[in-house]
Amino acid sequence: MKVILYVFSGTGNTLKVASLFKRFMNADVTVYRVSAKSGNAPSAEGYDLVGIGYPIHAFYAPEPILKFVKNLPEVAYRRAFVFKTSGEGLHLNDASSQSIIKILSQKGYDVTMERHIVMPYNMIYRHSDEMAKQMWIYAKALVKLTCRELESFKREEVRLPLYLNVLPAVIGWIETKFAHLHGPMFKVDGNLCINCGKCEKTCPENNIKYENGKFSFGHDCVLCMGCSFGCPADAIHVGVFKFWKVNGSYRLEELARDDSVMFPLVPNYAKGIYRLYKKYYREVDERLEDAGIDVAEFV
């Protein structure tokens, strides 16, 4: 089986999940990163399965992946699935794929499954090492299960109440428009900047320019936070989101192997805001148990 994954990823979380599909699927898997820098995407012709991956932005699919899917050529028939990442397991996120599924279906793609995989936040607040470890280990287990189900041609349909379709779409539209207006408010602190150029290279929308020794940010920002999250000098000011800024890698594989970092944190030891994750992990545990997958094998 040949598989192609079309992935939009700002800080790299969704790309990490895509790497797990490449690792666990018994197939020839190609990963294509969707961005304004990528050029012409490889055609889905010749592939047996198409995956669409993205991070959830304000309970909705980000603008770049929506534009990409709209520009995909029609096919006579092609099996497809959707995987999405976010920093919380709220069911309000479930509707983020509905527009994508509708567009794909109109183009001849048969979307048989979607998966929501929780990964550490790249904005709002920084997850603890214990929580990041839990998220990554469970991500591996859930992707392995998803690969098994895709290989067995399992079909799932997501039926959502009307408010779960309409409300996220409205919030997502507002977030997209605000991101464009807010983009120029991003700034680089010249006292901290080491002129590595990583932010300019990282930006998937070509929104960052470096000319005459100065950085400028335009109106094409989609609030992926890749520039501020990945800046090695923490030199980027993020406008009104300064109190939500998260900077630096979570070292996920290193945490997964570190016996000194508690696992699992949820549900037994979760305190404060992490108690909100109990329902998500209960549901994942039930799904893994039914499939005979022991999450301990991924520690």
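How much space lies in the largest pocket? About 690 Å³ lies there.

This is a predicted model, in which local features need pLDDT of at least 70 and side-chain atom pairs count only at pLDDT 80 or more, while totals for chains, interfaces and linings use all residues. Residues are numbered from 1 along each chain as its sequence is written, and side-chain values use heavy atoms, with hydrogens and water left out.

**View 1. The largest pocket and its lining.** A pocket is an open set of points on a 1 Å grid over the protein atoms alone, where a 1.4 Å probe fits, with protein on both sides within 12 Å along at least five of seven lines; lining residues have an atom within 4 Å of a point. Of the 34 residues that line the largest pocket, I56, A58, E88, Y121 and I124 lie nearest its centre. The lining divides into 19 nonpolar, 13 polar (Gly among them) and 2 charged residues.

**View 2. Elements around the largest pocket.** α1 (13-24), β4 (78-86) and α5 (162-182) each supply at least two residues of its lining. Helices (H or I, at least four residues) and strands (E, at least two) are DSSP runs, numbered from the N terminus.

View 3. α9 (residues 278-291) has 14 residues.

**View 4. The end of α9.** G292 follows α9 and has a positive phi, near 75°.

Conventions: Points joined across faces, edges and corners; volume = space filled by probe spheres on them. Expected span 1.5 Å × (residues − 1).
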